[in-house]
Amino acid sequence: MTFKIGLLGFGVVGTGTAKILLDPFGRHPVLKEITIGRVGVRSLDKPREIELSPQLLTTDLESIVTDPEIDIIVELLGGLEPARSLILKAIASGKHVVTANKAVIARFGDEIYAKANEKGVYVLLEAAVGGGIPVIKPLKQSLGANRISSIMGIVNGTTNYILTEMSQKGADFSEVLAKAQELGYAEADPTADVDGFDAADKIAILASLGFGGRVKREDVYCEGIRQVSAVDIAYADRLGFVIKLLAIAKDTVKEDSDTLELRVHPTLVPKTHPLANANGVYNAILVEGEPLGQVMFYGPGAGSGPTASAVVSDVMNIVGILKSSGKTRELDPLLSCIHQHYCQIAPMEDLSTRFYARFLCRDVPGVIGHLGMAFGDHGVSLESVVQIGIRGDLAEIVVVTHDVREGNFRSALAAIESLEAIDSIPSILRVL
Ligand SMILES: NC(=O)C1=CN([C@@H]2O[C@H](COP(=O)(O)OP(=O)(O)OC[C@H]3O[C@@H](n4cnc5c(N)ncnc54)[C@H](OP(=O)(O)O)[C@@H]3O)[C@@H](O)[C@H]2O)C=CC1
Ligand SMILES: N[C@@H](CC=O)C(=O)O
Ligand code: NA
């Protein structure tokens, strides 16, 4: 039996996917039954890493998703359109879909899965989060017996690569970003990586799987890494932390409500924490549930081969189902998506966390006292106050707070900003 896939996109991940499919020796035998039927690209003239028969390549992507010969559509275009419309057309034509496109799923997942369920087809997305790390399928299947209380991790390879190079080699932000683009880690528009949008897409997807409800993408609070400076990386290091872009989804069960914290931001992570040692393009996702406790998924979060590994595993899963149960059976509820309700998201001002803040102060007597008083007035207690340096004619003061309600911390900052001794507050970061 042979199963034909229609590949939409033949870039970094599309090429990696074709490489695996064209070289099945030593891999799972089911791969020998999968062939590439058509490949959709934007430009037919572009030089390609792999030579495919020219008849396979087309710029008419619609003809691929409606081709009766194709069993599975693999969407590796990126971006919102035409990816969304092509996925919907593929579903309407009765095709199963595999996608690596977190941007589309995080925004249009409800529409896509509603149509897929109506049509009785699968839409699998292992490559969309954590690249090559198996995390979607474990969340859907292997961890299904648990009550998940938190999912927290490093889910963007590009920014982790940038932060690692900055902190370990003192590298310059834009040079490292260019290198990440060269290595095929970054999105077509790297703003999605740098400003945290890609990580926000991914945590929206993970939260939906872990907490069993739909998540509106716009509900994810999101800060990127642009404001992380070499100065803060160095202070963090002295204080025993590394700075990581964390994506966090946490159940905050209170007496009368069950809400989720949902956020992406650079975070000071204690060097002893398991997430602190995921460096470079590696991702790490720490899931906590009852009764399991903690489990961590770790591995390459981006790049051609690792991401293609996840794409092809999804294709194989669908082929396995098609081989064993034919095309007419009901969808497996552990592989499909059946959520109906939307998760309630807690407002950021109610978040309780530690903060790191760096102040530039006029070196007048008693400035630390003024800072301490302003914090105290708003119920913010300080874990450490470190007056470390002099920058020009200004004193640089770094504080780390105890856990504090974000709303209180922001009110304290507003009061501090108006103090005569305060020149500016160049950085505010959360601490794990
Ligand atoms: N790169 C990575 O490490 C990872 C990527 N992903 C996701 O995988 C997907 C693909 O990413 P990646 O391979 O890096 O992207 P690339 O930019 O390398 O490749 C995109 C491919 O899609 C084709 N394409 C894009 N738009 C159109 C269009 N409008 N019409 C026809 N063809 C089009 C391009 O054609 P042409 O070649 O002619 O330009 C190219 O072949 C994205 O959703 C990304 O988020 C997920 C995990 C990791
Ligand atoms: N641009 C993304 C690619 C994988 O999802 C990243 O850097 O993680
Ligand atoms: Na994955």
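Me: Where does Pro291 lie?
Reply: This is a predicted model, in which local features need pLDDT of at least 70 and side-chain atom pairs count only at pLDDT 80 or more, while totals for chains, interfaces and linings use all residues. Residues are numbered from 1 along each chain as its sequence is written, chains are lettered from A and ligands numbered from 1 in the order in which they are written, and side-chain values use heavy atoms, with hydrogens and water left out. Helices (H or I, at least four residues) and strands (E, at least two) are DSSP runs, numbered from the N terminus. On that numbering, Pro291 sits in the loop between strand 11 (282-290) and strand 12 (293-300).

Me: Which residue is joined to Pro82 by a cis peptide bond?
Reply: Pro82 is placed in the loop between strand 4 (72-75) and helix 3 (83-92). Its cis bond has an omega of about 10°, and the partner is Glu81.

Me: How much accessible area do Tyr282, Met296 and Tyr298 have together in their nonpolar patch?
Reply: Patch members have over 30% relative accessible area and no salt bridge; like charges are joined within 9 Å and nonpolar side chains (Val, Leu, Ile, Met, Phe, Trp, Tyr) within 5 Å. Areas come from the Shrake-Rupley method with a 1.4 Å probe, and for residues only the protein chains shown count as cover. Tyr282 belongs to strand 11. Together with Met296 and Tyr298, Tyr282 makes a surface patch of about 280 Å².

Me: Why does Tyr282 count as partly exposed?
Reply: Buried means under 20% relative accessible area, exposed over 50%, and partly exposed in between (1.4 Å probe, protein chains only). Tyr282 is partly exposed because its relative accessibility is 33%.

Me: Which residue has a side-chain N or O atom 2.8 Å from a nitrogen atom of ligand 2?
Reply: Polar contacts are pairs of N or O atoms within 3.5 Å; within protein, one must be able to donate a hydrogen and the other to accept it, and residues adjacent in sequence count only if both atoms are side-chain atoms. Polar backbone atoms of Gly157 and Tyr185 each lie 2.7 Å from ligand 2, an oxygen atom of the ligand facing Gly157 and a nitrogen atom facing Tyr185. The side-chain contact at 2.8 Å belongs to Glu187.

Me: What share of ligand 1 does the protein bury?
Reply: 24 residues surround ligand 1, the closest being Phe10, Lys46, Arg48, Glu187 and Gly303. Oxygen atoms of ligand 1 have backbone contacts with Gly11 at 3.1 Å, Arg42 at 3.0 Å and Ser43 at 2.8 Å. Taken alone, ligand 1 exposes 900 Å², and the buried share is 86%.

Me: How far apart in sequence are the parts that Arg84 and Glu111 tie together?
Reply: A salt bridge is a side-chain nitrogen of Lys or Arg within 4 Å of a carboxyl oxygen of Asp or Glu, and the structure holds 27 of them. Arg84 and Glu111 form one, with N to O at 2.9 Å. Arg84 is in helix 3 and Glu111 in helix 4 (residues 102-119), so the parts they tie together are separated in sequence by 27 residues.

Me: Which residue forms a salt bridge with Lys271?
Reply: Lys271, partly exposed at 36%, lies in the loop between strand 10 (258-270) and strand 11, and its partner is in helix 10 (residues 230-239). The closest N and O atoms are 2.5 Å apart, and the partner is Asp237.

Me: Is Glu396 buried or exposed?
Reply: Glu396 forms a salt bridge with Arg391 at 2.9 Å, and Arg391 is partly exposed at 38%. With a relative accessible area of 1%, Glu396 is buried.

Conventions:
A residue is near a molecule or strand if one of its heavy atoms lies within 4 Å of it.
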